Amino acid sequence: MLNRLRRRCVRTYKRLTAPRVITNVRAEAITYLEDLALIDLTRFVRQLERTGVQGDLIEAGCALGGSAIVIAHAKQPDRTLRVYDVFGMIPPPSDKDGQDVHERYEVISSGQSEGLDGQEYYGYRDNLLDEVRSNFNRHGIELERHNVHLVKGLFQDTMNFDQPIALAHVDGDWYESVRTCLDRISPHLAPGGRIVIDDYEAYTGCRTAVDEFMQQNAAKFRTEQHARLHIVRNP
């Protein structure tokens, strides 16, 4: 079923032209997402604006900022975008993550991970927060004027919401980070809002966190398969 839905998504997106900002962030190698996933984010942010779903936008885990820049271009300037990241070395996995995750983290923590297009891996950079700010500015997003807030720290220390959320893009990789995002974001997700899960098919920990969450919250949420798995708040 998922493979059939994915093929349908690919056919749909092949008929679309990627916005220039997607071409630019991909050319600069400041995002790990492929064109289809970035078009997906653009499409659903614009849909929220058209249909009037209220709430902030959340980017949880931004690496070099490419996908957050795409979201910022798609939204209206008065809608808040909050970008959460440690802006440095990512935290280690837990015993809820599978062997694949622990092997991947061993490569990262040992200094052997290669960045995009042969660049230095983003987690090894001392000035990552400044680089992300610079990337936003270079792509025409002035943080204050476009209502974009960069929030540095672990998700469990920084995610405290008291406002509705319209869409969240969760790129947390491991079990604990993804589960924290789901638990902190979902109570505030507006009806019709959605959480885009970046790594459901990439890492066992992410998949476990999502599967557990859906088993516990199936009455309030449903999943949809687009370029990535979406968790959607029921009306």
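Two rings of Phe, Tyr or Trp, the last taken by its six-membered ring, are said to form an aromatic pair if their centres lie within 6.5 Å. With that definition in hand, one can say that the structure, which is a predicted model, holds 7 aromatic pairs. The points below begin with these rings and then move on to other parts of the chain.

**Aromatic rings**

- A pair of aromatic rings is described by two values, the distance of the centres and the angle of the planes.
- W174 and Y203 form one of the pairs, with 5.2 Å from centre to centre and 80° between the planes, and this arrangement is edge-to-face.
- W174 lies in the loop between β4 and α8, while Y203 lies in the loop between β5 (189-197) and α9 (204-217), so their pairing ties together parts that are 29 residues apart in sequence.
- Both W174 and Y203 are buried.
- For F213 and F221, the ring centres are 5.4 Å apart and the planes stand at 50°, so this pair is tilted.
- F213 and F221 are both buried as well.
- Y32, Y121, Y122 and Y124 together form one aromatic cluster.

**Two packed helices**

- Two packed helices are described by the angle between their axes and by the distance between those axes.
- Helix α2 (residues 20-27) packs with helix α4 (residues 66-74) at an angle of about 165°, and their axes are 10 Å apart.
- Because angles over 145 degrees count as roughly antiparallel, α2 is roughly antiparallel to α4.
- The crossing that α2 and α4 make is right-handed.
- On the side of α2, the residues V21, I22 and V25 take part, and they meet G66, I69, V70 and H73 in α4.
- Sorted by class, the contact of α2 with α4 has 5 nonpolar residues, 2 polar residues and no charged residues.

- L41 lies in helix α3 (residues 35-51), and because its relative accessibility is 2%, L41 counts as buried.
- Leaving out residues up to four places away in sequence, L41 touches L33, S67, I71, H169 and V196.
- L41 and L167 are 126 residues apart along the chain, and their C-alpha atoms are separated by 9.4 Å.
- H139 is found in the loop between α6 (128-138) and β3 (148-152), and with 9% relative accessibility H139 also counts as buried.
- When neighbours within four places in sequence are set aside, H139 is in contact with N24, V25, E28, I30, I69 and H73.
- Among these contacts of H139, V25, I69 and H73 are also named where α2 meets α4.

**Positive phi angles**

- Most residues other than glycine have a negative phi.
- A63, although it is a residue other than glycine, has a positive phi near 50°.
- A63 has its place in the loop between β1 (56-60) and α4, and a relative accessible area of 10% makes A63 buried.
- D173, which is not a glycine either, has a positive phi of about 70°.
- D173 is found in the loop between β4 (165-170) and α8 (175-185), and at 13% relative accessibility D173 counts as buried.

Terms used: Residues numbered from 1 in each chain as written. Predicted model: local features only at pLDDT ≥ 70, side-chain atom pairs only at ≥ 80, totals over all residues. Heavy atoms only, no water. Axes fitted to C-alpha atoms, helices over the stretch in contact; angles between N-to-C directions. Helix = DSSP H or I, 4+ residues; strand = E, 2+ residues; numbered from the N terminus. Parallel < 35°, antiparallel > 145°, perpendicular 65-115°, else oblique. Left-handed = near helix turned anticlockwise from the far one by under 90°. Contact = heavy atoms within 4.5 Å. Nonpolar A, V, L, I, M, F, W, Y, C, P; charged D, E, K, R; others polar. Buried < 20%, exposed > 50% of the residue type's maximum accessible area, 1.4 Å probe, protein only. Phe/Tyr/Trp six-rings, centres within 6.5 Å; stacked < 30°, edge-to-face > 60°.
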